[in-house]
Amino acid sequence: MDKKIHKLIDKWLDKNVISQSVYDEILKFEKDVNPSPKSKVAKAITLIGSLFLLSGLLGTLPLIWNNLAYWAQLILLIVTTTFLIYAANYSEKFEDKNLFIFKSSERVSSVLYLISTISFGSVVVFTLNIINQSTSQNISEDIQILIVSLFVAAYSLYLYSRTRQTFQHVALFYSSIFFLGSLGNIIFPNIEPWAGGLFLISIGFIWGLYTLNEILGPSWLGYFLATSTISIGSVVSIDNLFGSNDLLEIIFLILGSVLFVWASIQLSEQVIFYIGGLGLVINLPRLITELLPDNIWPPLILFLVGGVLVAVGLYLNSIRENIKNND
């Protein structure tokens with residue numbers, strides 16, 4: 001058992017938060033869950049052997065790839081994708097029995113499914129190329145991209161709805177952007193850059209709402225993808241709309257960062273706070289420099305503002321602790 005967890009449950013037992021029977025059950029559960037040293041050695045050997053196999057495959061594949069016919073390359077990709085899906089399904093049966101040698105919240109099957117998503121996309125690309133070469137119909141590049149993105153997004157959605165794992169969440173997010181972006185490129189071929197930024201803001205906002213409603217998870221990842229995408233979209237849109245007015249651009253970015261910090265407090269999500277705080281750290285010096293160019297005041301002002309904020313935070317925290325103690 002992790003030392004921090006052991007100390008924590010010891011503290012709970014001392015404070016009568018948990019009973020002795022519950023304490024014993026926790027220790028027994030952790031002992032059964034954590035792999036034994038012999039089991040760790042066996043898994044380490046298996047994982048190292050797998051790494052050698054993967055290294056040999058990656059080294060051999062380029063040597064035979066160019067000697068294969070196009071249809072043979074497609075068959076190889078299909079076989080590889082099928083094998084990855086089978087391996088991921090098979091590993092799921094053992095994940096509750098610590099297939100991973102190390103303590104990790106991520107699963108082997110999640111990694112395998114992620115690789116299979118890339119392999120699946122390659123299968124679709126090769127299939128479209130063979131159709132183009134073997135038929136008189138010539139599918140345009142934009143349509144090919146749309147078809148590939150549609151199949152990959154659908155496959156990612158299936159995997160995420162089935163596994164709810166971190167890597168599948170990431171794959172679903174970016175494949176959805178890829179699909180919607182390729183669709184928008186066909187409908188609006190001459191779209192302005194600021195509209196592209198607005199598209200990213202919309203995707204991030206919708207993703208954040210789905211995360212808030214617990215449709216998507218884990219929540220920290222959903223909020224990270226949402227807020228980072230909104231930030232990128234905001235920078236793109238504001239830069240193109242107010243590129244000639246740096247002061248106005250900086251003010252909008254600071255207001256957005258403040259909004260993120262406020263949202264992080266309301267939702268109790270640290271990842272949103274980090275992104276909002278990073279935006280403030282980047283844009284507040286820009287604002288001060290814009291207002292006071294070629295001056296020694298910017299770092300001093302930042303120092304004073306930081307000191308005031310720390311003092312206010314400590315004061316508010318002391319008030320909260322006093323209220324708690326009085327209650």
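This is a predicted model: local features need pLDDT of at least 70, side-chain atom pairs count only at pLDDT 80 or more; totals for chains, interfaces and linings use all residues.
A polar contact is a pair of N or O atoms within 3.5 Å, where one must be able to donate a hydrogen and the other to accept it.

I looked up Thr211 and found it in helix 8. Which backbone atom lies 2.8 Å from a polar atom of its side chain? I found the backbone oxygen of Trp207 there. Is Thr211 buried or exposed? Thr211 counts as buried, because its relative accessibility is 3%.

**Entry: aromatic pairs**

Next I turned to the rings. How many aromatic pairs does the structure hold? I noted four. One of them joins Phe173 and Tyr174, and I recorded it as edge-to-face, with 5.0 Å centre to centre and 80° between the planes. I then checked how each partner sits. Phe173 is at 0% relative accessibility, so it counts as buried. Tyr174 is at 46%, so I put it down as partly exposed.

Phe173 also pairs with Trp207. The rings are 4.9 Å apart centre to centre, the planes make 75°, and the pair is again edge-to-face. I needed the cut-off here: planes over 60 degrees apart count as edge-to-face, which is why 75° gets that label.

Where do the two partners sit in the chain? I placed Phe173 in helix 7 (residues 166-187) and Trp207 in helix 8 (residues 193-212). They are 34 residues apart, and the pair links distant parts of the chain. Trp207 counts as buried, because its relative accessibility is 9%. To close this entry, I grouped Phe173, Tyr174 and Trp207 as one aromatic cluster.

**Entry: helix 10 against helix 11**

I moved on to helix 10 (residues 246-267) and helix 11 (residues 270-291). Their axes come within 8 Å and cross at roughly 155°. Because of that angle, I call helix 10 roughly antiparallel to helix 11. Is the crossing left-handed or right-handed? I have it as left-handed. For the residues of this contact, I noted 17 nonpolar, six polar and four charged.

Then I went through the loops. Which residues does a cis peptide bond join? I found Gly217 and Pro218, with omega about -5°. I located Pro218 in the loop between helix 8 and helix 9 (219-241).

The loop between helix 8 and helix 9 also holds Glu214. I noted a positive phi of about 65° for Glu214, although it is not a glycine. Glu214 counts as exposed, because its relative accessibility is 68%.

Arg164 went into my notes with a positive phi too, about 55°, and it is not a glycine either. I placed Arg164 in the loop between helix 6 (141-163) and helix 7. With a relative accessible area of 39%, Arg164 is partly exposed.

How values were computed:
Residues are numbered from 1 along each chain as its sequence is written. Side-chain values use heavy atoms; hydrogens and water are left out. Rings of Phe, Tyr and Trp (its six-membered ring) pair if their centres lie within 6.5 Å; planes under 30 degrees apart count as stacked, over 60 as edge-to-face and the rest as tilted. Buried means under 20% relative accessible area, exposed over 50%, partly exposed in between (1.4 Å probe, protein chains only). Helices (H or I, at least four residues) and strands (E, at least two) are DSSP runs, numbered from the N terminus. Axes are lines fitted to C-alpha atoms, for helices over the stretch in contact, and angles run from 0 to 180 degrees between N-to-C directions. Angles under 35 degrees count as roughly parallel, over 145 as roughly antiparallel, 65 to 115 as roughly perpendicular and the rest as oblique. A crossing is left-handed if the near helix is turned anticlockwise from the far one by less than a right angle, and right-handed if clockwise. Ala, Val, Leu, Ile, Met, Phe, Trp, Tyr, Cys and Pro count as nonpolar, Asp, Glu, Lys and Arg as charged, and the others, Gly among them, as polar.
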